[in-house]
Amino acid sequence: MIRVVLPHHLQTLAGCGREVTVTVDGTVSQRSVLDALESRYPMLRGTVREHVTLKRRPRVRFFAAGEDITHEPADSPLPPSIATGDEPFMIVGAVAGG
Amino acid sequence: MSTIRILVGTRKGAFILTSGHRRKKWSIDGPHFEGWEIYHMKGSALTPDRILASQTSSWFGQIIQRSDDGGKTWSQPGSAGEAPTVTDGMPQGESNKFVYDTSAETGKPLTTHQWYDGTQHPWEFARVWHLEPSLDDADTWYAGVEDAALFKTTDGGVTWHELAGLRGHDTGADWAPGAGGMCLHTIVLDPINQGRIYCAISAAGTFRSDDHGETWRPINEGLHSEHIPNPTAEVGHCVHNVAIHPSNPNTLYMQKHWDVMRSDDGGDSWREVSGNLPSDFGFPIAVHAHDPETIYVVPILSDSLHYPPDGKLRVYRSRSGGEDWEALTKGLPQEHCYVNVLRDAMAVDKAEPCGIYFGTTGGQVYASNNSGDDWAPIVRDLPAVLSVEVQTLS
């Protein structure tokens, strides 16, 4: 069971709390976690990644095990603590002041 | 006795203002979609309790929301709260999917437009600026988007497809973004001439289709724009808003970047009707519900100074279809006012006498229940107002 933490606006879109769980078969990676998330919550398609290209939206970042893994390859395995559910995969809206 | 419902889109959510036919006491509901930019909301022409909203974010992209109960509850078409669209066993969540059509069969494989530096730039979807309901089918809507293109749904917003003939027009590669992006912000459906649609794009100009949106041609003859190398070019004009009266749709009124314009031949030619306005720069233009020759604009100083002349918020009314304008000031701030009124932020109701409404970048929504003679704020401290639409409910 993979734990995923969502930013506020995606929680309201999906009608869920801060943290949701998804199941991934095979390698636990950015891509497989996001595929599973969008399968369970189809209303989130296009909000984290662009439709069609599946490119990360520019102001969305991914944190895992205390590291910013935004720019890691999408198919690279995530840290073991994410795969075991000990720590959450975090989807974060980039900070913006003003 | 009618009920008036105002749909207000702001930088930080949507608000719905409701009043009885006297239009003096208003209830204010919201924010809906708090924290999101609501570029536009509009109600169906046929089923007024069906409302579509364009909910956008620079972080999380485009969301289409739909209500079928007059704005009390909302869901993404085909997704939350509804049976999801299913293809190959997978829910698709397609209501926020606006993908440009580059197929040779339906349009042209046009992939770039002019960028600020004169180079060609890929077409990139940013957001929906305007939603326009069909006049004869409650499930059919049009969406004007940035980068400029026209999309259509025939299933109530569940799926959208591009009417690629517009973007694929031969001039497409010459379109360029204005300061607000390259957006298709105005969609006008002709209620009499079947299949006729007008669109306006910043900064490309005005376009007309006579075949339900399949093919298009620019209609900018008579426009004069100093901001482009050839001021009378076929395209490149920064048209801000276009309005018609349903009883006389061959007459169009335009607020351009500079100049208020009028056409009496369905856009084939235009002439300036700025007349005695203190400034002919502005964004919205609206037509009185019961008099096709009475029009309204809100002048601001210039493209560099987006606020009213002399710090006085004045709506200008012409009862002669342009040229002769009178300032409407009663109830509006006449000192220290430096707000703007954006292109989709003024609308009229169909009550008697006609009501006029507009929202400002300062968060005020003003109403007149007597064709503009007197004004009063409905609400003063909303987030910056992006759009105002009015429904007159029987």
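**Core of chain B.** I started with the largest nonpolar core of this predicted model. I found 126 residues in that core, and the ones touching the most other members are B:Val8, B:Cys199, B:Ala286, B:Met346, B:Tyr357, B:Val365 and B:Val388.

I picked B:Met346 from that group and asked which residues it contacts, leaving aside its neighbours within four places in sequence. My list reads B:Pro284, B:Ala286, B:Tyr296, B:Val298, B:Val341, B:Tyr357, B:Phe358 and B:Val388. I noted that B:Ala286, B:Tyr357 and B:Val388 also sit in the group that touches the most other core members.

**Overall build of chain B.** Next I looked up what chain B is made of: 31 strands and one helix. Its radius of gyration came out at 20 Å, close to the 21 Å that the globule rule gives for 394 residues, so I wrote down chain B as being as compact as a globular protein of that length. I also jotted the span of its C-alpha trace along the principal axes, about 60 × 50 × 40 Å.

How much of chain B is buried? I got 54% of the 394 residues. Then I checked contacts in chain B between residues at least 6 apart in sequence, and 50% of them join residues at least 24 apart.

**One sheet in detail.** I followed an open sheet of four strands in chain B, in the order β19-β20-β21-β22, with antiparallel pairing. Which strands are at the edges? They are β19 (239-244) and β22 (271-272) of chain B, each pairing on one side only.

Inside that sheet I zoomed in on β20 (residues 252-256) and β21 (residues 260-263) of chain B, which run antiparallel and are joined by four bridges. There I spotted B:Met254 standing opposite B:Met261 in β21(B).

**Where the chains meet.** I turned to the interface and found 20 residues of chain B in contact with 17 residues of chain A. On the chain B side, β6 (61-67) and β8 (90-91) each supply at least two residues. The largest share, three residues, comes from β6(B). I sorted that side of chain B by residue type and got nine nonpolar, ten polar and one charged.

Terms used
Residues are numbered from 1 along each chain as its sequence is written. Chains are lettered from A and ligands numbered from 1 in the order in which they are written. This is a predicted model: local features need pLDDT of at least 70, side-chain atom pairs count only at pLDDT 80 or more; totals for chains, interfaces and linings use all residues. Two residues are in contact if their C-beta atoms, placed from the backbone, lie within 7 Å. Ala, Val, Leu, Ile, Met, Phe, Trp, Tyr, Cys and Pro count as nonpolar, Asp, Glu, Lys and Arg as charged, and the others, Gly among them, as polar. Two strands pair if DSSP finds at least two bridges between them. The radius of gyration is taken over C-alpha atoms; the globule rule is 2.2 Å times the number of residues to the power 0.38. A residue is buried if 20 or more other C-beta atoms lie within 10 Å of its own, exposed if 12 or fewer, and partly exposed in between; C-beta atoms are placed from the backbone. A nonpolar core is a set of buried Ala, Val, Leu, Ile, Met, Phe, Trp, Tyr and Cys residues joined through C-beta atoms within 7 Å.
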